[in-house]
Amino acid sequence: MRGFDAILVEKRDLTHGTTGRYHGLLHSGGRYAVKDPQAAVECIEENRILRRIMPHCIEDTGGFFVVTPWDDPDYVPRFVDGCRRAGIPVEEVPVDQMLREEPLLNPHISHCFRVPDAAADSFLATEANAESARQHGARIWTYHEVTRLVRQGDHVVGAVCHDLVKDEEVHIHADLLVNAAGAWAGQIAAMAGVEVNIIPGKGVMVAMAHRVVNTVVNRCKLPSDGDIIVPIHTVAVIGTTDVKVSDPEHFPIEPWEIALMLAEGEKLVPGLKQMRVLRAWAGVRPLYQETVVADTRDVTRAYTLLDHETRDGLRGLITITGGKWTTYRQMAQVTVDRVCEKFGVERHCRTHEEPLPGAERAEYHWLGAPLARVERERAYGRLVCECELATEEDVIRAITEGQARTIDDIRRDVRLGMGPCQGGFCTYRAAGIWHALRRPRVTETNVALRDFLQERWKGLLPVLHGQQLRQERLDELIYLSVLNADHLPGPTVSPLAPVMYEPAGGTQRDGPST
Amino acid sequence: MRPRVDVLVIGAGLAGLMAAWQAAVAGCRVRVITRGPGALFWHAGCVDVLGYAAQDTERPVAAPRDALLHLVNANPAHPYARVGLEGVETALSALQQVCEAAGYPLRGDLSHNWLLPSAVGAFRPTCLAPETMVSGDLARRDPLLIVGFEGMLDFYPELVADNLAEQERPARSVRLDLPSLRERRQLTPVTLAQLFEAPEFRRQVAEALRPKLGRAARVGFPAVLGVHRPLEVKQDLEAKLGREVFEIPTLPPSVPGMRLYTILVEAVRQAGGDVFTGMEAVRAEAENGRVQAVFTEAAARLNPHRAHAFVLATGGLLGGGIVADADGHLREVILGLPVQGPESQTKWFRQEFLASEDHPVYAAGVAVDERFRPVGAKGVPLYTNLFVAGMTLAGDDVIRRRALDGVAVATGYAVGQHAARSVQEAMR
């Protein structure tokens with residue numbers, strides 16, 4: 001938008017990192033009102049802007065902060081005061097009103113406050129940003145993993161990437177490199193020989209198979225584990241833990257983390273543990289601090305811009321790190337401000353003013369919208385994914401117009417396979433449509449089918465029990481017994497296969513060896 | 001009070017229906033209660049007896065009889081071992097006779113597994129296949145034409161043909177875009193199967209297909225060639241096309257599975273039994289080591305079903321007869337029978353979904369004695385008049401072994417006889 005010739009490289013698909021693995025909260029800032037006022041201010045500023053530029057990616061659920069019997073009532077005045085100082089609109093909601101709006105919430109909640117939290121679709125939002133960037137001339141190369149940075153003396157002049165799809169090396173020369181690699185920012189900086197101390201803080205999230213609540217519900221207390229439920233699309237997500245990990249790529253989801261999410265969720269919604277659990281996932285927060293800390297909850301959620309020229313005497317490299325999904329735009333703004341400065345040009349930021357592609361109707365997303373569309377278009381018979389109402393047309397568009405390299409890429413575009421059956425029916429259909437349209441060597445389609453089944457399994461494995469286990473058994477019946485998909489010709493390993501939730505060096509689960 | 005029925009069967013999958021039919025044939029008054037149709041509606045509509053042996057998960061079993069012999073010797077607690085090889089053979093022939101009598105023969109026997117194309121074009125090993133599928137035999141190498149329908153989302157002929165070709169079976173695909181289908185908003189396997197019953201629709205299909213036949217010696221359709229008279233549909237298409245015609249099982253709901261369900265329900269009724277759907281068994285009452293009644297829930301109250309003998313054919317983890325809770329306990333839902341399975345939840349699964357070895361939890365189930373009665377820790381039957389069949393039995397991951405239908409048929413058949421014998425004993 002500011003006239004630079006830019007290339008974005010991402011090691012997998014867009015949102016492969018933390019963006020695609022969070023709970024989907026558009027922060028009001030209430031969560032940080034007491035502990036991290038700077039982050040709170042950034043959140044509410046951006047909350048207002050994002051509602052304007054990408055309303056179609058946001059469901060305006062509103063948010064509650066509730067005081068349960070397990071929470072310290074003395075926190076309440078500090079919370080209200082913190083919100084007011086940060087400029088976050090906050091109003092108390094009588095408990096009986098709260099229960100009318102959210103009947104499943106714990107009736108023993110003593111206080112409830114309403115803030116402008118919302119649910120955000122980070123897949124759609126990322127695609128909207130990428131599309132806008134493309135329209136302004138940027139090139140976006142997914143499945144390009146940076147393998148090294150090219151340095152000439154004290155100047156970074158480019159990067160070498162590995163194209164995972166074509167399995168070849170790609171050299172990119174650039175006047176300036178922006179390291180926005182999130183939890184991987186330390187690794188990228190290290191390739192240029194500078195140290196950036198990123199603490200990957202793992203957070204585990206558990207999705208319930210339906211909308212347990214329609215409002216974002218936070219515990220009114222200092223941020224802690226399992227203290228939030230976010231309704232997003234057809235599910236409700238309980239988050240999250242915060243565990244320091246050594247490697248942003250390889251980390252397990254521990255049974256205690258799942259048990260803790262469900263136990264804490266139970267305090268907000270009694271009976272939650274008996275409800276159907278859909279899936280779990282984990283992402284790593286890119287927490288940055290110049291000094292080493294023991295507890296990652298104490299690290300600021302505000303963002304940091306590192307100019308390595310002034311910090312380390314290394315020209316041509318800027319790192320933007322820390323921050324929240326909610327503050328991504330502001331982070332980009334200050335980064336490009338610095339880029340302009342570096343090039344000695346004055347070009348103003350417009351990202352807070354110009355709506356993103358797809359926001360033309362200036363309407364929030366709402367839960368019933370996909371169904372309304374199916375009804376309007378009479379597309380009931382054209383559903384590839386019945387759970388998430390993805391039509392054949394949607395899938396075809398994702399394959400022919402999008403940059404889908406895997407069925408998982410289609411999922412991020414159209415929510416294929418994200419509902420209760422977790423790909424049971426739509427994996428086969430998507431593979432069939434993919435094959436009919438592209439007609440690749442059939443072994444490539446076979447790998448795509450396998451990879452997607454494994455990708456869904458990855459998130460089921462930590463939580464599988466109850467009705468979801470029964471569903472999974474049906475999916476096994478389909479893929480093993482009806483289709484015999486485990487005996488298809490071709491390779492069974494693929495470079496685009498999902499990375500399982502296990503520590504580096506393979507599983508340490510107390511399970512049978514494979 | 002004298003029970004109105006002798007044998008109450010819970011579950012109307014293949015195992016439950018086989019048991020009910022056998023008990024009825026043996027002269028018992030039989031009632032089947034079921035929440036809904038069982039896994040027949042989901043599966044391929046063939047009888048998989050043993051497709052892949054545990055010791056070689058890559059190559060399909062060529063001769064099920066030999067592999068079964070090995071299996072029952074190696075694993076005496078396996079459901080097949082409880083039935084015995086002869087019992088398996090008898091049960092399969094009995095099913096074949098029922099289907100034959102209904103005009104829907106199942107072809108094959110324990111000496112050989114068919115390899116038939118699946119809806120992704122993999123080679124699917126199965127022991128008994130309906131007449132409508134056997135021309136898909138992949139032991140043959142003559143050219144195939146795979147036919148799909150524009151608008152049908154549950155079958156992709158290109159994928160089938162290309163995978164067959166990749167495995168050295170000459171195959172092409174064609175998609176028919178029939179004007180009469182264009183107005184239809186939904187083209188499920190069942191809709192198409194109903195359409196195929198009409199001669200006029202078959203004429204349209206044949207007409208559209210004839211110019212595209214080329215060198216093909218046989219023509220494969222999704223398994224939608226009619227609900228009630230599939231053989232007639234197949235023969236008519238063969239006459240019109242001048243080629244052999246066969247079916248390939250689709251995603252659920254399975255039309256061939258529905259045919260088997262219909263045939264077996266009819267067989268139970270013919271033998272004097274009843275089948276009631278929409279009845280979910282929720283608990284049971286026992287006294288003096290005998291089950292007295294099983295209760296279904298209706299209109300906010302519990303209805304008792306009393307009988308002399310009870311058959312539990314509730315489908316295990318797949319059917320919902322066994323449930324795994326969040327804390328890692330495996331629970332048999334109606335009687336709270338002990339479930340044999342991995343001690344710890346951390347040992348339930350492997351890291352790979354399509355792992356060739358079993359996910360250990362799927363072999364979990366109810367352990368039984370030689371008469372299929374559930375046993376406690378010391379191997380003593382918990383109830384003298386309760387018999388377990390099908391996937392609720394412990395001992396194997398029958399889906400990974402491709403033994404789902406075979407275990408259901410064999411154990412269902414055996415349990416039907418044990419239940420009948422127990423009724424006769426009680427009457428004496």
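Over how many bridges do E3(A) and strand E7 (residues 118–120) of chain A pair, and in which sense? The points below start there. The model is predicted.

1. E3(A) and E7(A) pair over two bridges, in the antiparallel sense. One residue pair can be named: A:Ile58 has A:Ala120 of E7(A) as its bridge partner. The sheet is open and has three strands, in the order E2-E7-E3, with antiparallel pairing. Strand E2 (25–26) and strand E3 (58–59) of chain A are the edge strands; each has a single partner strand, so one side of each lacks a neighbour in the sheet.

2. **A helix crossing in chain A.** Two packed helices are described by the distance between their axes and the angle between those axes. Helix H1 (residues 37–53) of chain A and helix H8 (residues 328–343) of chain A have axes that come within 8 Å and cross at roughly 100 degrees. The range for roughly perpendicular is 65 to 115 degrees, and H1(A) and H8(A) are therefore roughly perpendicular to each other. On the H1(A) side, the contact is made by A:Glu42, A:Glu45, A:Glu46, A:Ile49, A:Leu50 and A:Ile53. H8(A) contributes A:Tyr328, A:Arg329 and A:Gln330. The residues of this contact divide into four nonpolar, one polar and four charged.

3. **Domains of chain A.** The domain assignment gives domain 1 (1–367) and domain 2 (369–487) for chain A. Their C-alpha centres lie 27 Å apart. The contact takes 23 residues from domain 1 of chain A and 26 residues from domain 2 of chain A.

4. **A buried arginine.** A:Arg450 is in helix H13 (residues 442–460) of chain A. Is A:Arg450 buried or exposed? The cut-off for buried is under 20% relative accessible area. A:Arg450 has 13% relative accessibility, so A:Arg450 counts as buried. Neighbours within four places in sequence aside, A:Arg450 contacts A:Ala485, A:Asp486 and A:Thr492 in chain A. In chain B, A:Arg450 contacts B:Glu352 and B:Leu354.

5. **Domains of chain B.** Here the domain assignment gives domain 1 as 5–103 + 258–427, and domain 2 as 134–248. The C-alpha centres of domain 1 and domain 2 of chain B lie 34 Å apart.

6. **Strands E1 and E2 of chain B.** Strand E1 (residues 7–12) of chain B is joined to E2(B) by five bridges, and the two run parallel. B:Ala12 stands opposite B:Pro37 in E2(B). Strand E2 (residues 30–37) of chain B is mostly covered, with six of its eight residues buried.

7. **A buried tryptophan.** B:Trp21 sits in helix H1 (residues 14–25) of chain B. B:Trp21 is buried, at a relative accessible area of 12%. Which residues does B:Trp21 contact, leaving aside its neighbours within four places in sequence? They are B:Ala94, B:Val98, B:Ala267, B:Val268 and B:Tyr413. B:Val160 is 139 residues from B:Trp21 along the chain, and their C-alpha atoms are separated by 37 Å.

8. **Helix H5 of chain B.** B:Val160 is also one of the buried residues of H5(B). Helix H5 (residues 157–166) of chain B is mostly covered: eight of its 10 residues are buried. Among them are B:Pro157, B:Glu158, B:Leu159 and B:Asp162. Just after H5(B), B:Glu168 takes a positive phi of about 65 degrees.

How values were computed: Residues numbered from 1 in each chain as written. Chains lettered and ligands numbered in written order. Predicted model: local features only at pLDDT ≥ 70, side-chain atom pairs only at ≥ 80, totals over all residues. Heavy atoms only, no water. Domains from an automatic or database assignment. Axes fitted to C-alpha atoms, helices over the stretch in contact; angles between N-to-C directions. Helix = DSSP H or I, 4+ residues; strand = E, 2+ residues; numbered from the N terminus. Parallel < 35°, antiparallel > 145°, perpendicular 65-115°, else oblique. Contact = heavy atoms within 4.5 Å. Nonpolar A, V, L, I, M, F, W, Y, C, P; charged D, E, K, R; others polar. Pairing = 2+ DSSP bridges. Buried < 20%, exposed > 50% of the residue type's maximum accessible area, 1.4 Å probe, protein only.
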